[in-house]
Amino acid sequence: MPASSILSTTDDHVTRLTLDRPEALNALTPDQRDRLIALLAKASADPEVRAVVLTGTGRGFCAGADLRGGAAAGERIAGDVARTLRVGAQRLIAAVLDCEKPVVAAVNGTAAGLGAHLAFACDLVLAAESARFIEVFVRRGLVPDGGGAYLLPRLVGPQRAKELMFFGDALGAADAERLGLVNRVVPDGELDKTAREWAARLAAGPTRALALTKQLVNASLDADRATAFAAEAAAQEINMTTADAQEGVRSFTERRAAAFRGR
């Protein structure tokens with residue numbers, strides 16, 4: 001898979017990652033998936049990057065894993081499937097969840113299977129009016145993977161998650177917003193503009209504070225109150241050593257807008 005199958009640009013502290021296999025509705029091959037993981041890790045570690053936008057070209061955001069050949073072919077040895085998921089789809093979802101920069105999904109079309117979970121793993125989800133989300137696994141006789149059974153109950157509760165996963169019906173953008181899977185639905189022609197505006201606001205924010213906030217919120221769903229409170233206190237202790245926190249306090253006392261530098 002050529003590097004051009006994922007377009008990567010960075011401008012004004014925002015990295016934009018675009019899945020670029022429109023003829024396949026941006027279904028992810030193993031090579032493309034691994035490149036996306038590497039690009040997310042690079043953005044996470046780069047102090048000049050302060051926000052990430054993930055989107056696709058054409059009619060699809062991401063139609064899931066490309067099952068043609070590869071994992072779908074040949075004799076399987078016990079343990080192969082679990083191993084493939086650990087180093088593949090699960091590692092991709094973890095790369096989004098663990099990215100130290102806020103990740104905005106701009107869902108331009110169909111997001112199915114792993115593609116839907118890729119969107120749901122993002123910190124904020126914008127959807128074009130034509131977008132739709134499909135838990136397609138049941139249609140293929142498969143168990144949801146790519147973190148779906150972890151992500152969906154946390155977003156919509158267990159009963160709604162089961163409804164989506166048991167039936168595999170396509171969910172329109174408006175219904176996805178109603179359920180809380182999407183932050184905002186916009187006309188198709190405004191998706192790119194809105195995603196750029198949101199990313200610019202995030203890139204102008206206190207980057208380390210946002211990273212710690214993301215970490216706290218993600219971990220809170222698996223923690224008891226005492227653990228969550230301890231993590232909050234530790235995060236604030238760390239954050240108060242940053243230049244942005246000091247600038248934020250100083251700007252408040254001086255009654256002016258803060259000028260955060262991501263440090």
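**Cysteines, helices and rings**

User: How many disulfides does the count come to in this predicted model?

Analyst: The structure is a predicted model. A disulfide requires two cysteine sulfur atoms within 2.5 Å. The sulfur of Cys 62 is too far for a bond, because the closest cysteine sulfur, in Cys 122, is 11 Å away. Cys 99 is likewise in no disulfide, its nearest cysteine sulfur, that of Cys 122, being 9.4 Å away, and the count comes to zero disulfides.

User: Is Cys 99 buried or exposed?

Analyst: Buried means under 20% relative accessible area. Cys 99 has 3% relative accessibility, and therefore counts as buried.

User: How is helix H2 oriented relative to H3?

Analyst: Helix H2 (residues 80–87) packs against helix H3 (residues 89–98) at an angle of about 20 degrees, with the axes 3 Å apart. Angles under 35 degrees count as roughly parallel. Therefore H2 is, relative to H3, roughly parallel.

User: Which residues in H3 do those of H2 meet?

Analyst: The contact of H2 with H3 has three nonpolar, two polar and two charged residues. From H2 come Thr 84, Leu 85, Arg 86 and Val 87, and in H3 they meet Ala 89, Gln 90 and Arg 91.

User: What kind of aromatic pair do Phe 120 and Phe 133 form?

Analyst: Phe 120 lies in helix H4 (residues 114–120) and Phe 133 in strand E8 (residues 132–134), 13 residues apart. Both residues, Phe 120 and Phe 133, are buried. Their rings are 5.4 Å centre to centre, with 25 degrees between the planes. Planes under 30 degrees apart count as stacked, so the pair of Phe 120 and Phe 133 is stacked.

How values were computed. Residues are numbered from 1 along each chain as its sequence is written. This is a predicted model: local features need pLDDT of at least 70, side-chain atom pairs count only at pLDDT 80 or more; totals for chains, interfaces and linings use all residues. Side-chain values use heavy atoms; hydrogens and water are left out. Buried means under 20% relative accessible area, exposed over 50%, partly exposed in between (1.4 Å probe, protein chains only). Axes are lines fitted to C-alpha atoms, for helices over the stretch in contact, and angles run from 0 to 180 degrees between N-to-C directions. Helices (H or I, at least four residues) and strands (E, at least two) are DSSP runs, numbered from the N terminus. Angles under 35 degrees count as roughly parallel, over 145 as roughly antiparallel, 65 to 115 as roughly perpendicular and the rest as oblique. Contact means heavy atoms within 4.5 Å. Ala, Val, Leu, Ile, Met, Phe, Trp, Tyr, Cys and Pro count as nonpolar, Asp, Glu, Lys and Arg as charged, and the others, Gly among them, as polar. Rings of Phe, Tyr and Trp (its six-membered ring) pair if their centres lie within 6.5 Å; planes under 30 degrees apart count as stacked, over 60 as edge-to-face and the rest as tilted.
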